Amino acid sequence: MMKRGLKEVIDDAREKGVNKIITIGVDLESCKKNIAIAKRFDNVYTAIGFHPHDSKKMKEEEISLLEEMLTYSKNVAIGEIGLDFYYNHSNPEIQKEAFRKQLDLANKYDLPIIIHDRDAHQDTVKILAEKARGKKVVLHCFSGDIHMAKWCVEEGFYFGIGGVITFKNAHILSKVVQEIPLESILLETDSPYLTPHPFRGKPNEPQYIPLIAEKIAQLKGKTVRDIAQISTENAFQVFGLS
Ligand SMILES: [Zn+2]
């Protein structure tokens, strides 16, 4: 398959009503690349951070470079940061240390936080309770259970809902989405992964976001328009966009 150009991807998204895009980093290289993209396209913003997989790369020098990038004018969040005990590409203790350090940076620069949590719910909740109370927190591709979801709602945290909600086996997530208030839902791609049905197998793109809105509309008994409007307002609120 031909690789699609960025301009094409962004134009197709816009045609489907997806106007503002946040591109998220996982390490210094990807963050640098994302800043270049945000400089090229008006409607693209960045989130800057070290993914748990890449925690082991986060040394003194990297942290100061990270801090520089966090203050970039179109950077709207720190992320994705958190814990991934499924792959354990970095040692769990190193992951926790990098997570805590980056939460301190979120506080220092007063930035919203985008969380990656895979098979690490207990420690994620523990560290968030320690360092992120009262902050704007988005749990990206939320994979916790109802119990954890309720705790997050009480804390005023937000839920990033992506393509998984369109999968046939998304029983727990469907229950979670029915349970949580619409005011806490954001839509996301996790591009190029987790492409929504019926495009599973293809690289994910922002133009597929309306498929996620459709599924949430069904689950919530709302119109797609309602979901689009409310989730956009939520995102603007979290990331200080308008
Ligand atoms: Zn992630």
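**Notebook: a look around one protein chain**

I started at Asp190, which is partly exposed, with 17 other C-beta atoms within 10 Å. For my own use: a residue is buried if 20 or more other C-beta atoms lie within 10 Å of its own, exposed if 12 or fewer, and partly exposed in between, with C-beta atoms placed from the backbone. Phi of Asp190 is near 65 degrees, a positive value in a residue other than glycine. I found Asp190 in the loop between S7 and H8.

Two notes on the model before going on. This is a predicted model, where local features need pLDDT of at least 70, side-chain atom pairs count only at pLDDT 80 or more, and totals for chains, interfaces and linings use all residues. Residues are numbered from 1 along each chain as its sequence is written.

**Entry: another positive phi**

I turned to Asp119, where phi is near 55 degrees, again positive and again not a glycine. Asp119 sits in the loop between strand S4 (113-118) and H5. Asp119 is partly exposed, with 14 other C-beta atoms within 10 Å.

**Entry: cis peptide bonds**

I looked up the bond between His197 and Pro198, and it is cis, with omega about 5 degrees. Pro198 lies in the loop between strand S7 (185-187) and helix H8 (209-220). The bond from Gly79 to Glu80 is cis too, with omega near 0 degrees. Glu80 belongs to strand S3 (residues 75-84).

**Entry: a helix pair**

I then checked helix H4 (residues 92-108) against helix H5 (residues 121-131): they pack at an angle of about 30 degrees, with axes 10 Å apart. Axes here are lines fitted to C-alpha atoms over the stretch in contact, and angles run from 0 to 180 degrees between N-to-C directions.

Which residues meet? Lys96, Phe99, Arg100 and Leu103 in H4 meet Asp123, Ile127 and Lys131 in H5; a contact needs C-beta atoms, placed from the backbone, within 7 Å.

**Entry: the whole chain**

Buried residues make up 42% of the 242 residues. The C-alpha atoms fill a box of roughly 45 × 40 × 35 Å along the principal axes.

Key. Helices (H or I, at least four residues) and strands (E, at least two) are DSSP runs, numbered from the N terminus. Two residues are in contact if their C-beta atoms, placed from the backbone, lie within 7 Å.
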